[in-house]
Amino acid sequence: MEDEVGVSSQEPERREIKDMIAALCSELRCYELSFHKKHKEKVLKSYLPYIMERSKSAKEESRAIKLYSNFRNWGSDGMNLEHPMTFDTLAMDEEIKSALIDDLRSFVKGKTTTTRSEKQLKRGYLLYGPPGTGKSSLIAAMANHLNYDIYDLDLTEVRSNSNLRSLLLGMSGRSILVIEDIDCGIKLENREKEEEKENKHNRVTLSGILNFLDGIWSCCGEERIIVVTTNHIDKLDAALLRPGRMDMHIHMSYCRLSAFKQLVFNYLGIRQHEMFDQIGQLLEEVEAAPAEVVENC
């Protein structure tokens with residue numbers, strides 16, 4: 001036993017350590033682990049880090065996903081996100097869905113990097129398309145897939161660029177920041193005209209948004225995802241769309257056959273039907289949003 005790590009020949013120090021352990025065990029369930037000192041390197045550099053990582057993952061998986069709003073500067077307690085949508089039930093183009101899942105997986109695992117030695121700390125996704133095509137449902141599926149909290153940013157409630165920055169710093173890591181209908185929330189003037197307007201009205205500006213999305217403050221957090229939605233991508237300034245701000249553009253289109261099949265299964269439990277081919281041809285000719293199909297289901 002003298003060779004085991006943690007065993008000391010100094011009895012007073014040993015008793016003190018045992019007393020500390022006993023105090024902790026009175027509040028928590030714990031186990032005492034001993035091992036031969038020849039395994040010290042393996043235990044400290046491999047086994048214990050693995051245990052800590054698994055413990056962290058288990059806590060993340062079991063915790064409730066929270067939804068926060070900037071109406072009161074996020075607040076201390078968010079609402080539980082109880083949206084049932086997952087990627088398994090999400091009705092959208094299967095190829096686009098698979099590409100998005102792969103991109104999210106690569107980001108979380110640290111494979112989406114700007115250099116070979118630099119892990120990307122944030123990733124931006126632009127969801128665009130007509131109303132009713134499932135943009136909000138996709139955000140919920142992303143949150144449930146990653147087990148990330150959602151911070152819903154209403155730009156009309158933001159007083160200034162500095163307020164915008166403080167909101168960013170108030171977010172937790174491993175979370176999703178959502179700016180829905182960015183083209184409708186506020187009027188983002190051209191950068192050439194906005195300096196005068198900012199001094200006059202002290203409101204958030206396009207430059208403030210751009211710095212918010214990819215400035216140095218935007219990297220103050222771990223694995224942060226930014227999702228921006230719009231019904232009219234043509235109304236957005238080109239500076240908003242470039243990689244580093246919006247890294248992946250996802251077109252949420254009208255309902256096509258693959259999405260239709262998913263909706264029919266979700267609501268009616270039907271996997272196959274003789275009319276699917278005919279319906280698929282019709283969906284290529286009409287502009288039917290998934291929300292409209294749901295109403296009929």
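How much accessible surface does the chain have, and what percentage of it belongs to carbon and sulfur atoms? I looked this up to begin with: the accessible surface comes to about 18,600 Å², of which 50% belongs to carbon and sulfur atoms, with areas taken from the Shrake-Rupley method and a 1.4 Å probe.

I note that this is a predicted model, in which local features need pLDDT of at least 70 and side-chain atom pairs count only at pLDDT 80 or more, while totals for chains, interfaces and linings use all residues. Residues are numbered from 1 along each chain as its sequence is written, and side-chain values use heavy atoms, with hydrogens and water left out.

**The chain as a whole**

I found 12 helices and nine strands, where helices (H or I, at least four residues) and strands (E, at least two) are DSSP runs numbered from the N terminus. Of the 297 residues, 36% count as buried, a word that stands for under 20% relative accessible area, with exposed over 50% and partly exposed in between (1.4 Å probe, protein chains only).

**Helix α4**

I then turned to helix α4 (residues 135-146), whose 12 residues reach 17 Å from the first C-alpha to the last, close to the 16 Å expected at 1.5 Å a residue; the expected span is 1.5 Å times one less than the number of residues. Its buried residues, among them Leu138, Ile139 and Met142, pack against α3, β5, β6, β7, β8 and β9. Just after α4, I noted that asparagine 147 takes a positive phi of about 60 degrees.

**Aromatic pairs**

My search of the whole structure gave three aromatic pairs, counted if the ring centres of Phe, Tyr or Trp (its six-membered ring) lie within 6.5 Å, with planes under 30 degrees apart called stacked, over 60 edge-to-face and the rest tilted. The rings of tryptophan 74 and tyrosine 151 have their centres 5.0 Å apart and their planes at 80 degrees, so this pair is edge-to-face. Tryptophan 74 sits in strand β2 and tyrosine 151 in strand β6, 77 residues apart, and both are buried. I also recorded that Tyr68, Trp74 and Tyr151 form one aromatic cluster.

**Threonine 89**

Last, I looked at threonine 89, in the loop between β2 (74-80) and α3 (94-108), which counts as partly exposed because its relative accessibility is 29%. Leaving aside neighbours within four places in sequence, threonine 89 is in contact (heavy atoms within 4.5 Å) with Pro84, Gln262 and Asn266. Threonine 89 and asparagine 266 are 177 residues apart in sequence, and 6.7 Å apart in space from C-alpha to C-alpha.
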